[in-house]
Amino acid sequence: MTDNHLMWENLGMDVKTHDILCEVLPQAFGDVYLTQENRPNGMDYFNMVVGDIHGIRPAELIKLQEEEGKKVVGTFCIHVPDEVVFAAGGISTGLCSGSQFWVPGGEKVLPTATCPLIKASLGAHFDKTCPFFRICDLFVGETTCDGKKKAWEILSEDTEMYIMDIPQMKRPQDFKKWEEEIRNYIGKIEEITGNKVTEESLKDSIVMLNNKRKALQRLNNFRKLDNIPISGRDVLLIHQIAFYDDPTRFTEMVNKLCDELEKRKEEKVSVFEKGTKRILLTGTPLSIPNWKLHQIIENSGGAVVCEEMCTGIRYCEALVDESGENIDEMVENLAERYLGHINCACFTPNKSRIDDIIRLAKEYKADGVIDVNLKFCNIYDTEGYFVEKAMAEEGIPCIGIETDYTDEDAEQLKTRIGAFIEMLN
Ligand code: BJ8
């Protein structure tokens, strides 16, 4: 790993505290990932990216800012259309929110009864222990859940924030409103970058990001096989990296890995033993470096075959219609994809999510479903009622679990998940 200390100092980070994170992450990654047998060689690239996640990509972003005058826009939700930023010559990136390391910092400014994802985001920002938060020229929030809405007000005390007001229903007038929000967002991004979003640049970015989604979906399709050539935790890692990496390079590396998996498919190679139980996860996102559940499931005789989550299928399954000829049509197509095809629990009603879970459980031949809720996420917790009811009606075994970023519940989860998988036998 290169020494990034000078870069972190120049970013005004609390380097001493950040060093503690740098010490524990490689150990955690090694325990979860490097202990696996028969991993595809194509995982080497993703190992490298995560091994220096606060070094390689931040250095690239700073270089692009300094040498090409590019602007970096940080986002927190998959409802925010990345296409707009790339079409204006900027770079869109996800922001760190998956580690307990940042939670106490978040609790300094937020109520304890706030979900860990929000607390970690604000902790990473205010404690100055994440380079991505230091690099961004603009943060873009959204009005999805109450916790986030209030958190943006606190975050905006010392940084510029732009908020997209997402409708909470999916009626025709809601699509019109979301189109208007996307148009306003284009205006804001043009102002920040100093570049116009043109028909050509928007079309190009739609195609570029669709290619990224297609590569991820190609990867997910291997998990439908009886012989699964890649572990669930490896696919989760790739989904997590998707939020940070350069999209074109990322697509290339995912497709390269898929070429290797194609050979494994022909040779009927599986990384799991015969009879391993196939698990579909649904619920709140698992941001990097939250690998806890995958590790527990896959060390307890299960294989995670699909994530009906924003760090999973919800991120990549639906494409933007590429047939738009002018900005208006393209905005309409973006609105259709980013409102119509993301079934977050912030919507009412949200039956499409339940239909998705049933469909995906069948497509990925899941033996059981685990409904995951991050502590204090009220909307997903409440929607768990419909998830469990629908699974019972479909005859698909299902358990609901609530967790956070600490390891305090690890033993209890191992017992519960172990018993669930045992029951599937
Ligand atoms: S589209 S899931 S990324 S909002 S877990 S912060 S909902 S209290 S992250 Fe999300 Fe967009 Fe929806 Fe996906 Fe609130 Fe719940 Fe926390 Fe959440």
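## A buried loop residue

Valine 80 is buried, with a relative accessible area of 3%. The cut-off for a buried residue is under 20%, so the value for valine 80 falls on the buried side. This is a predicted model, and its values are computed from it.

Where is valine 80 placed? Valine 80 belongs to the loop between β1 and α5 (82-87). Arginine 213 lies 133 residues from valine 80 along the chain. The C-alpha atoms of valine 80 and arginine 213 are separated by 15 Å.

Strand β3 covers residues 138-142. How many of its 5 residues are buried? The count is 5 of the 5, so β3 is largely enclosed by the rest of the structure.

In a regular strand the side chains alternate between the two faces of the sheet. In β3, Leu138, Val140 and Glu142 point one way. Phe139 and Gly141 point the other way. Residues on both sides are buried.

## How β3 pairs

Which way do β1 and β3 run, parallel or antiparallel? Strand β1 (residues 72-75) and β3 run parallel, and 3 bridges join them. Glycine 74 stands opposite phenylalanine 139 in β3.

Strand β4 (residues 161-164) also pairs with β3. That pairing is in the parallel sense, over 4 bridges. In β4, methionine 161 is the bridge partner of phenylalanine 139. Methionine 164, also in β4, is the bridge partner of glutamate 142.

Helix α9 (residues 146-155) makes a β-α-β unit with β3 and β4. The unit is right-handed.

## Two buried cysteines

Cysteine 377 is placed in the loop between β7 (368-374) and α18 (378-394). Its relative accessibility is 12%, so cysteine 377 counts as buried. Serine 352 is 25 residues from cysteine 377 along the chain. Their C-alpha atoms are separated by 20 Å.

Cysteine 346 is found in another stretch, the loop between α16 (327-340) and α17 (351-363). Is cysteine 346 buried or exposed? At 7% relative accessibility, cysteine 346 counts as buried. Cysteine 346 and glycine 301 are 45 residues apart in sequence. In space they are 33 Å apart, C-alpha to C-alpha.

Most residues other than glycine have a negative phi, and most peptide bonds are trans. Some places in this model depart from that pattern.

A cis peptide bond joins isoleucine 288 and proline 289. Its omega is about 5 degrees. Proline 289 lies in the loop between β5 (277-283) and α14 (292-298). The bond from threonine 348 to proline 349 is cis as well, with omega near -10 degrees. Proline 349 is in the loop between α16 and α17, and cysteine 346 is found in that loop too.

Positive phi values also occur. Lysine 128 is not a glycine, yet its phi is positive, about 60 degrees. Lysine 128 lies in the loop between α7 (116-126) and α8 (131-135). Lysine 128 counts as partly exposed, at 35% relative accessibility.

Phenylalanine 376 is not a glycine either, and its phi is positive at about 75 degrees. Phenylalanine 376 has its place in the loop between β7 and α18. Cysteine 377 is in that loop as well. Phenylalanine 376 is partly exposed, with a relative accessible area of 41%, whereas cysteine 377 is buried.

Definitions and conventions:
Residues are numbered from 1 along each chain as its sequence is written. This is a predicted model: local features need pLDDT of at least 70, side-chain atom pairs count only at pLDDT 80 or more; totals for chains, interfaces and linings use all residues. Side-chain values use heavy atoms; hydrogens and water are left out. Buried means under 20% relative accessible area, exposed over 50%, partly exposed in between (1.4 Å probe, protein chains only). Two strands pair if DSSP finds at least two bridges between them. A crossover is right-handed if, with the strands pointing away from the viewer, the path from the first strand over the helix to the second runs clockwise.
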